[in-house]
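User: Hi! I'm new to this one and would like a friendly tour. Could you walk me through it?

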Amino acid sequence: FSVEKKLVIEGDYIVPKVFINIVNLGCRVKELGWTEEFIKENGAYLREEHRENTTLFCEATVAISGKKFDVARSKLKKVENDNAFDNVFWSVLAKCMLLQCYYELGENDSNSFDSLIDSLIASFIQYLRRNDKLAKSQKIILRLFIKYVQTMMQIRREKGIMKDKKDKVLEKEKIDALIQEIDNNQSIPFRDWLLEKLEELK
């Protein structure tokens, strides 16, 4: 295993992108225990100026995979600003992950989190409008992610309203169309999570 043999180290350090990619891979294959140990044992190989923020980002990634959304939220709030990483896209992904956490936490406490989600979405849209470091293509997929979360929020809010059979059929068709649209676009961030949440809304 290249990680165990320290083959991912360039000179005396692991670059943040490689570190984050290893954590993402560990989470994808559900090896959360191994991934937590990797962060603890190898965080010291990150350059000092990157260490804290990269570690927090990765710990939040593991927490989300383990459905510990409150833990992830507290870590992400420290790294969502532009100065947290050399690559601004990691900061943007932190905003997406924070939105995930608010959505998940809002399932059981919508009164507390719905307003936070609306506020975060508004500030996120404003951020994308003003940011000149992101490529146009990146902004497009990020706006799509936001749009899908907004749509899921709307569907979830309407779930508590009594509907006739026709409305329920239309709602299911709307969800199925969204699932198809997302399934056909491999570039959407956190695509698997969006598909999972939409299936739950059926």
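Predicted model: local features only at pLDDT ≥ 70, side-chain atom pairs only at ≥ 80, totals over all residues.

User: Which helix does Asn21 lie in?
Analyst: Asn21 is part of helix α1.

User: And how far apart are Asn21 and Trp193?
Analyst: Along the sequence, 172 residues separate Asn21 from Trp193. In space, their C-alpha atoms are 18 Å apart.

User: Back to α1. At what angle do the axes of α1 and α2 cross?
Analyst: The two axes cross at roughly 160 degrees and come within 8 Å of each other. That angle is over 145 degrees, so α1 is roughly antiparallel to α2.

User: Which residues make that contact?
Analyst: From α1 there are Phe19, Ile22, Val23, Gly26 and Cys27. From α2 come Leu32, Trp34, Thr35, Phe38, Ile39 and Asn42. By class, the contact of α1 with α2 has 8 nonpolar residues, 3 polar ones and no charged ones.

User: Is the crossing of α1 and α2 left-handed or right-handed?
Analyst: Left-handed.

User: What sits in the loop between α1 and α2?
Analyst: Lys30 has its place there, with α1 covering 16–28 and α2 covering 32–42. Lys30 has a positive phi of about 65 degrees, although it is not a glycine. Lys30 is also exposed, because its relative accessible area is 63%, over the 50% limit.

User: Which other residue has a positive phi without being a glycine?
Analyst: Phe190 is one, with a phi of about 55 degrees. Phe190 is found in the loop between α8 (165–183) and α9. Its relative accessibility is 27%, so Phe190 counts as partly exposed.

User: Now α9 itself. How do α7 and α9 run relative to each other, parallel or antiparallel?
Analyst: Helix α7 spans residues 136–158 and helix α9 spans residues 191–201, and their axes cross at roughly 15 degrees, coming within 11 Å. An angle under 35 degrees counts as roughly parallel, so α7 is roughly parallel to α9. The crossing of α7 past α9 is left-handed.

User: What makes the contact there?
Analyst: On the α7 side you'll find Phe145, Tyr148, Val149, Met152, Ile155 and Arg156. The α9 side brings Trp193, Leu194, Lys197, Leu198 and Leu201. The contact of α7 with α9 has 9 nonpolar residues, no polar ones and 2 charged ones.

User: Changing topic: what does His50 touch?
Analyst: Leaving aside residues up to four places away in sequence, His50 touches Pro16 and Asp86. His50 lies in helix α3, residues 48–65. It counts as buried, because its relative accessibility is 15%, under the 20% limit.

User: Let's zoom out. How many helices and strands are there in the protein chain?
Analyst: The chain has 9 helices and 0 strands. Read along the sequence, its pattern is α-α-α-α-α-α-α-α-α.

User: How does the radius of gyration of the protein chain sit with that of a compact globule?
Analyst: The two agree: a compact globule of 202 residues would have a radius of gyration near 17 Å, and this chain has 18 Å. Along the principal axes, the C-alpha atoms fill a box of roughly 65 × 35 × 35 Å.

User: And what share of the residues is buried?
Analyst: Of the 202 residues, 45% count as buried. As for contacts between residues at least 6 apart in sequence, 61% join residues at least 24 apart.

Technical notes. Residues numbered from 1 in each chain as written. Heavy atoms only, no water. Axes fitted to C-alpha atoms, helices over the stretch in contact; angles between N-to-C directions. Helix = DSSP H or I, 4+ residues; strand = E, 2+ residues; numbered from the N terminus. Parallel < 35°, antiparallel > 145°, perpendicular 65-115°, else oblique. Left-handed = near helix turned anticlockwise from the far one by under 90°. Contact = heavy atoms within 4.5 Å. Nonpolar A, V, L, I, M, F, W, Y, C, P; charged D, E, K, R; others polar. Buried < 20%, exposed > 50% of the residue type's maximum accessible area, 1.4 Å probe, protein only. Rg over C-alpha atoms; globule rule 2.2 N^0.38 Å.
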